[in-house]
Amino acid sequence: MAIQLNLIPPYINGNFHSTTKTEHIFSVSNPANPSDILATASWSKELVDPVIQGLKTAQKKYRLTSLDERLSYLKKVIGFLKENADEIKSNMMLELARSKVAVEEEWSLCEKLFAALPEFCKQALSVKRDEEGWEWQYAPLGLVLVSSNIALPVYTLLSSVLPALAAGNAVCMRPSSHCLLSGSLLASGFHQASFPPGVVQIVYGDFEVFRRLVLTHQFDTILYTGGEESLEQIRRDTSTQQNARLVLCGGGKNAAYVTESANISTAISKIVYGAFLDAGQRLESTNLVFVDQKIFNEFQDKLVRAVKSMPIGAREDLTRSDIHVMEPLCSSNSWERFLRFQGIAARESDDTLRWGKPIDNNGNGYFVSPGVHFMRAEKVLKSIYASNAFFGPDVCLISIQDRQEMINILDELGATRCLGVHSQFAEEVYEIRQRSSVPSILWNTSTIELNPLLPSIGRGKAGNSYITGVRFLLSTVYPQVLNLSAPFAAVESDIRNSKKKQNNL
């Protein structure tokens, strides 16, 4: 009964909605101390109709507002978020037991998004004209449904929801079920911005709650972030909805390539950061590390030493700002999956350099030690361990004689979002980009390096090749074209008037 008194209400049609019937209650526990329940929220099927009808009604009016009006709403949201940044970051740390370093890095991305968003939207949504009198602009599709998971939960919501709202869509969002605290603060921000009631709806729940909304078949664009099985289920759920734009984001088998010319110490620093920040649970976390054979032994020894010396939150303070302290996994399911894959890795790899194991701790949190395994290149594509993303702190080392071998493996996997190339020579990076089909190739940095303005996609098991980030906006609009050139049968006065009107625009 005590839990029900503290339910976080969904935000529906401009109000924080108290449900009279509770179908399911969701709780958020601190992964470092799972017995500590931080917040609860509920879901009921009675919410579906108010959400859908409210979105439809609100969007008809909202789409008629000017871009400047819509950007003024977003400015108010951003202002609220900045004013409450410390509380938001504190909740981000608490609900997932994240390190201060990880949260500050995500908030830095949010700050970059806030700075870039207005100008990007003005350029993308402005009226375009050619010399012959044709003009076009993007119009909103209508209703947008967005879900996030634990991978950058605040940034991924804002980088999709804010552009969709700027375009004139009405948006329903479902924060990750692990992120009720930060989700409720986002709801307060949208409420304070005084959007027209119904333009923004926020509901809480698990994957099945999201599916309830998907199965209404009322949304024009659907963005879902999650595991491979969930992505396939959403594909099936929308298979009969011909006009829905489906944007799917999954975890990639992301890779680093360390060339003979690389600074080994710097490369290891970047790879450790990319593999173990947020306990390797990001969509872009490093999983595979290809190393030129000539430097492999030296690299392997130094990497294993670096991993062994890395501080872990079971023994160190996650609030340290001077160094990254590795976090726990987000749930018991994630913990069990990671340990299961460590067993698979031990069987399939050629050498287990460090076996990822549970770490005893006072709070019975989901802490583990990182895994490091060596595998010959010819085994990678046949390996369950090496070819599947399992969202945990683990790297598979692979020695190669020829970089084409790496390119072929990654192209065959078809699930790599990012490849970090560590080399002294830009020419090597350009060559790899020309020969590889990996969407994001990064030079001398970690695979988790993101830029809000740059397009990001996942392919194959990692998504369906739709762009995310602020350019998700393009998945929520369609082009409206107007021919203002002189009609064939127009009289001369009509032509003069048409040109005069164009010049006055």
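These legends walk through several close-up views of the predicted model shown above.

Local features are described here where pLDDT is at least 70 and side-chain atom pairs where it is 80 or more, while totals for chains, interfaces and linings use all residues. Residues are numbered from 1 along each chain as its sequence is written, and side-chain values use heavy atoms, with hydrogens and water left out.

**View 1. A salt bridge within one helix joins Glu104 and Lys100.**
Side chains of opposite charge can pair when their charged atoms come close. Here a salt bridge means a side-chain nitrogen of Lys or Arg within 4 Å of a carboxyl oxygen of Asp or Glu, and the structure holds 20 of them. For Glu104 and Lys100, the N to O distance is 3.6 Å. Both sit in helix H4 (residues 100-125), four residues apart, which means about one helical turn separates them. Helices are DSSP runs of H or I with at least four residues, strands are runs of E with at least two, and both are numbered from the N terminus. (Buried is under 20% relative accessible area, exposed is over 50%, and partly exposed is in between, with a 1.4 Å probe and protein chains only.)

**View 2. Asp237 and Arg211 pair up in a salt bridge.**
Their N to O distance is 2.6 Å. This pair links distant parts of the chain, 26 residues apart: Asp237 belongs to helix H8 (residues 228-237) and Arg211 to helix H7 (residues 207-214). Both Asp237 and Arg211 are buried.

**View 3. Glu428 and Arg403 form another salt bridge.**
This time the N to O distance is 2.7 Å. Glu428 is in helix H14 (residues 426-435) and Arg403 is in helix H13 (residues 403-413), so the pair ties together parts 25 residues apart in sequence. Glu428 is buried at 14% relative accessible area, and Arg403 is buried at 15%. Salt bridges can also share partners: Arg98, Glu105, Glu106, Asp278 and Arg282 are joined into one network this way.

**View 4. Two cavities turn up in a search of the whole structure.**
That search counts cavities of 30 Å³ or more. On a 1 Å grid over the protein atoms alone, a cavity is a set of points where a 1.4 Å probe fits but cannot get out, and lining residues have an atom within 4 Å of a point. Grid points are joined across faces, edges and corners, and the volume is the space filled by probe spheres set on them. The largest cavity holds about 90 Å³ of space. (Ala, Val, Leu, Ile, Met, Phe, Trp, Tyr, Cys and Pro count as nonpolar, Asp, Glu, Lys and Arg as charged, and the others, Gly among them, as polar.) The second largest cavity has a volume of about 40 Å³. Its lining includes Arg282, Phe390 and Phe391, and divides into three nonpolar, four polar and one charged residues.

**View 5. The largest pocket holds about 1200 Å³ of space.**
A pocket is an open set of grid points with protein on both sides within 12 Å along at least five of seven lines. Which residues lie nearest the centre of the largest pocket? They are His178, Gly227, Ser331, Ser334 and Arg337, out of 44 lining residues. Strand E4 (24-30), strand E11 (221-225), H8 and helix H11 (332-348) each give two or more residues to this lining. H11 gives the most, with six. The lining has 14 nonpolar, 21 polar and nine charged residues.

**View 6. The second largest pocket has a volume of about 550 Å³.**
Of its 27 lining residues, Leu450, Leu454, Pro455, Ser456 and Thr468 are the closest to its centre. Helix H5 (153-166), E11 and strand E19 (440-443) each give two or more residues to the lining. H5 gives the most, with four. By class, the lining splits into 15 nonpolar, nine polar and three charged residues.
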